[in-house]
Amino acid sequence: MRARLGHVTVTLWTNATVATMRGGSDEYGLIEGGAVALDGETILAVGSCNEVRTMIDADAELEEVDLDEIDLEGRLVTPGLVDCHTHLVFAGSRAAEFERRIAGATYAEIAAAGGGIRTTMTATRAATEDELVAAALPRLDALIGDGVTTVEIKSGYGLDLDTELRLLRAAHRLATERHVEVVPTLLAAHTVPPEFAGRADDYIAFVCDTIIPAVAASGLAGAVDVFCESIAFDLDQSRRVAQAAAAHGLSIKGHTEQLSALGGGPMLAAAGALSIDHGEHLGDHDVDVIAEHGTVVVLLPGACYFTGERQHPPVEAMRAAGVPMAVATDTNPGTSPLASLRLAANQACVTFGLTVPEAMHGITSVAARALGLHDRGRIASGARADLVAWDVDHPAELVYEPVTPRQYRRIVAGSA
């Protein structure tokens, strides 16, 4: 428990079922009849109601304590949910492409015909920062209503320096418009823009030599993502992006093994990536290398659902190897227009075979790890006070019935 000298106001949530999300991936870390004590942005203590009161009373350095006590009447408390992979900021719609996919066209065929990411790029380049923020807010509101307190937002629909910077600024602005923490990621290496048609190596040089240094200098993003895929960038090009990111002090993430088996997963894991995202085509050797490096694999079941992809990530192999598995929405206009993290968790169970505790860890503790954030995603003394109280009795209900609003109270860094 963290003590402070002098007069302190402690917020005390009592009479709750607390899912601490500590321990193994097969457990919730439940405390029945539990309490959580908060001092500002930090969790002071968690345990039974009597244990927490005793810890507060016994702390000799707390000279005077005012308790702001809230009786949760048996409600469930979880860590704030973490959506660790989204493309939330963009302009335009790709509903027409959805119609084409339903009629039989594949994602790769649509991209080859000039659709896909390039369609969104054209609309996004034409949009102002204000327009991008306004378009993103309804999607962000849906995630907040679902219990999300931290959301990663990628760029990647500008594919030029000015628009990529505009997307990242818009992502930062969303955190001033709503009570949520935004973690921006640069994804300039998303696809080859039309002005570099047939010159993928030149575009990667532009990303590495111009865009990444400018973003690093601006402080607008702390990580760089790369789409290492048959329709995007090959292993060598993706490696160059990872090396440039590391050279500028930025973390690495990778979209890879979604549509084909290129070996991007093990390559990026060996390069120190925080996470490998998608992973539908990961092989046994890939899983072993990823496990060796402790890299998180972020599962994106919404993308499989919306594209009709039948190849699913090797969950059994990853479970056996001890690979940490996060779950995210992949909110984007083309392949996962999904703004419900609880629904993504449900899909990860039904479609990919995760257990419900694994899915809950995937949207809390492991999702935080995928972003390199070790101060949240669990309820523990000293952790950041991102919490949600729910009108349910057990965490399984959040995944079992994902589209019914269940949020009762939500706090980010200790404040509502």
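In which helix is Arg-101 found? I located Arg-101 in helix H2, residues 95–102; helices (H or I, at least four residues) and strands (E, at least two) are DSSP runs, numbered from the N terminus.

**Basis.** I worked on a predicted model, in which local features need pLDDT of at least 70 and side-chain atom pairs count only at pLDDT 80 or more, while totals for chains, interfaces and linings use all residues. Residues are numbered from 1 along each chain as its sequence is written, and side-chain values use heavy atoms, with hydrogens and water left out.

**Arg-101.** I found Arg-101 buried but without a salt bridge. Buried means under 20% relative accessible area, exposed over 50%, and partly exposed in between (1.4 Å probe, protein chains only). A salt bridge requires a side-chain nitrogen of Lys or Arg within 4 Å of a carboxyl oxygen of Asp or Glu. The nearest side chain of opposite charge is Glu-97, 4.7 Å away; Lys and Arg count as positive and Asp and Glu as negative, with His and the chain ends not counted. Leaving aside neighbours within four places in sequence, I listed the contacts (heavy atoms within 4.5 Å) of Arg-101 as Ile-110, Phe-306, Thr-307, Gly-334 and Thr-335.

**Cavity.** On a 1 Å grid over the protein atoms alone, a cavity is a set of points where a 1.4 Å probe fits but cannot get out, and a pocket is an open set with protein on both sides within 12 Å along at least five of seven lines; lining residues have an atom within 4 Å of a point. Grid points are joined across faces, edges and corners, and a volume is the space filled by probe spheres set on the points. The largest cavity has a volume of about 130 Å³. Of its 13 lining residues, His-87, Tyr-107, His-190, Asn-332 and Thr-335 are the closest to its centre.

I noted about 360 Å³ of space in the largest pocket. Its lining has 23 residues, of which Ser-25, Pro-324, His-361, Ser-365 and Val-366 are the closest to the centre. Helix H15 gives the most to this lining, with 4 residues.

**Positive phi.** I recorded a positive phi of about 60 degrees at Met-21, which is not a glycine. Met-21 sits in the loop between strand E1 (7–19) and strand E2 (30–39), and is buried at a relative accessible area of 2%. His-278, in strand E11 (residues 275–278), has a positive phi near 90 degrees. I found His-278 buried, with a relative accessible area of 2%.
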